[in-house]
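Please look over the sequence and the model shown here before reading on. The briefing is meant to be read with the structure open alongside it.

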Amino acid sequence: MARRATTPAATRRATAHLTAADQVLAQLIDAVGPLTHAREGRPDRDDHYGALVRSIAGQQLSVLAARAIYGRLTARFDGRPPTPQELLADDPEELRAAAGLSRAKVSYLRSLAEHVVSGELELERLDALSDEEVIAELTAVKGLGVWTAHMFLMFHLERPDVLPVGDLGIRRAIERAYGLDGLPDAPRIEALAESWRPYRTLACRYLWRSLQNEPG
């Protein structure tokens, strides 16, 4: 099983490494202060399916809107994520209306459920896979892109060294913190973040928090 990133001892080691490795990041960490626990408000660590349902429901929404949509979805199923079988048995239009989902997101949720039921996506294997292998498994599902896979790795599987180079919040935070003339592209972010290894996940959490927009 892969290492988790958020035990207290691991967080202390990671913060010390980042502070020593990057002066700009050290100043940002000092200004931001302690972070809340990354699992707050999220599905249980072993509920991979529930975490993916939550991710799909909240795609391209603000934190508050994503939480509201997910809350309406779980309210339809006694306060919990629907099982794959329950989701496939539900009427797509009724589900869409009750939860406030788009038709695209309903189709994505159904694709996820179909992949789980068919065995194409073996959720119990994800803990044992590398980050790259997890991304490949998840992005085979309609509606699960690389960004969603990165968020799943960071916040659900608690992998310590994930760098979501395509995330707009990370790009904006780096532009501001490092005084850049524009949003950095992926190669520049990767080069800048090289000294953060193997704790790039925590560095990104501090960057998000500096803008008050950490994914919810």
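What follows covers the nonpolar core, a pair of helices and an aromatic pair.

The structure is a predicted model. Its largest nonpolar core has 58 residues, and the structure also holds one aromatic pair.

**Nonpolar core**

- Within the largest nonpolar core, the residues that touch the most other members are Leu73, Leu101, Leu112, Leu138 and Trp196.
- Once its neighbours within four places in sequence are set aside, Leu112 has contacts with Tyr49, Leu52, Val53 and Ile56, and likewise with Leu121, Val141 and Leu144.

**Helices α10 and α12**

- Helix α10, made up of residues 168-177, and helix α12, made up of residues 200-210, have axes that come within 9 Å and cross at roughly 80°.
- Because angles of 65 to 115 degrees count as roughly perpendicular, α10 and α12 are described as roughly perpendicular to each other.
- On the α10 side the contact involves Gly169, Ile170, Ala173, Ile174 and Arg176, which meet Cys204, Leu207, Trp208 and Ser210 of α12.
- The residues of this contact between α10 and α12 comprise six nonpolar, two polar and one charged.

**Aromatic pair**

- The one aromatic pair in the structure is formed by Phe155 and Trp208, whose ring centres are 5.8 Å apart and whose planes lie at 35°, so the pair is tilted.
- Phe155 belongs to helix α9 (residues 146-156) and Trp208 to helix α12, so the pair ties together parts that are 53 residues apart in sequence.
- Both Phe155 and Trp208 are buried, and Trp208 is also among the α12 residues that meet α10.

Conventions: Residues numbered from 1 in each chain as written. Predicted model: local features only at pLDDT ≥ 70, side-chain atom pairs only at ≥ 80, totals over all residues. Heavy atoms only, no water. Core = buried A, V, L, I, M, F, W, Y, C linked by side-chain atoms within 4.5 Å. Buried < 20%, exposed > 50% of the residue type's maximum accessible area, 1.4 Å probe, protein only. Contact = heavy atoms within 4.5 Å. Axes fitted to C-alpha atoms, helices over the stretch in contact; angles between N-to-C directions. Helix = DSSP H or I, 4+ residues; strand = E, 2+ residues; numbered from the N terminus. Parallel < 35°, antiparallel > 145°, perpendicular 65-115°, else oblique. Nonpolar A, V, L, I, M, F, W, Y, C, P; charged D, E, K, R; others polar. Phe/Tyr/Trp six-rings, centres within 6.5 Å; stacked < 30°, edge-to-face > 60°.
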